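My entries follow in the order in which I looked things up.

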Amino acid sequence: MAKAAIASQLSTRAWQRMLSGRRLDLLDPSPLDVEIADIAHGLARVARWNGQTNGAHIFSVAQHTLLVEAVMRKQSPGADHHARLAALLHDAPEYVIGDMISPFKAVLDGAYKAVEKRLLSAIHIRFGLSPVLSADLTRQIKAADRGAAYLEATLLAGFAEAEAKRLFGGDPGLPAEIMKDYLTPWPAAKAEKRFLARFETLHA
């Protein structure tokens, strides 16, 4: 759906105020209004799997993105810092629009995807990445995302291994110590801090 068509359906504002003071326009997001502190804060408080996971805390999108980046390091050891940063930021638009589960996305039209795509492009530009990633890098990130989803599904969300394998593919084979750390849901403050720390390493 075109921006003009979406805008015509809106009866209220189309921007969100962030804790940094930035106002991010959902229809025409500017890279200048994107702050990593806002992204980390938001993603640490957005639940994966609609909150249907085991543990004392939600499994946040921030923690998920760190898991995806760890899986990518395992699957694509030659990936450079830019590729790994792109993996870390692959779900960054969800700090504004939330984490919509795939079954619900499937019943919607293209409006959600259009907003998500524009936000991700603005985020990429803000942090020195290409607005649109190459097809090869997109495939690498998607493969890592599916590997992370398999682990989350079987270890946190109650899926049987056979069902998770059918939906998400196989176990990516992360080392046991990484599995124990990254698949134990963290408090929001810890997820935010760990996300920011990894961002600083990769963006440097």
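Ground rules. I note that this is a predicted model, in which local features need pLDDT of at least 70 and side-chain atom pairs count only at pLDDT 80 or more, while totals for chains, interfaces and linings use all residues. Residues are numbered from 1 along each chain as its sequence is written, and side-chain values use heavy atoms, with hydrogens and water left out.

Whole chain. I found 11 helices and two strands in the protein chain, taken as DSSP runs numbered from the N terminus (helices H or I, at least four residues; strands E, at least two). Read from the N terminus, the order of elements is α-β-β-α-α-α-α-α-α-α-α-α-α. Of the 204 residues, 45% are buried, where buried means under 20% relative accessible area, exposed over 50% and partly exposed in between, with a 1.4 Å probe and protein chains only. Taking contact as heavy atoms within 4.5 Å, I noted that 64% of the contacts between residues at least 6 apart in sequence join residues at least 24 apart.

Aromatic rings. I looked up the aromatic pairs and found five; rings of Phe, Tyr and Trp (its six-membered ring) pair if their centres lie within 6.5 Å, with planes under 30 degrees apart counted as stacked, over 60 as edge-to-face and the rest as tilted. One of them joins W49 and F168 edge-to-face, at 5.9 Å centre to centre and 90° between the planes. This pair links distant parts of the chain, since W49 lies in the loop between α2 (36-43) and α3 (61-75) and F168 in helix α9 (residues 161-168), 119 residues apart. Both W49 and F168 are buried, and together with F159 they form one aromatic cluster.

Charges over rings. I also checked for NZ of Lys or CZ of Arg within 6 Å of a ring centre and within 35 degrees of the ring normal. The charged end of R23 sits over the ring of W15, 4.3 Å from its centre, and that of R194 over the ring of Y182, 5.6 Å from its centre.

Helix α11. Which residues of α11 are buried? I listed A191, E192, F195, F199 and L202.
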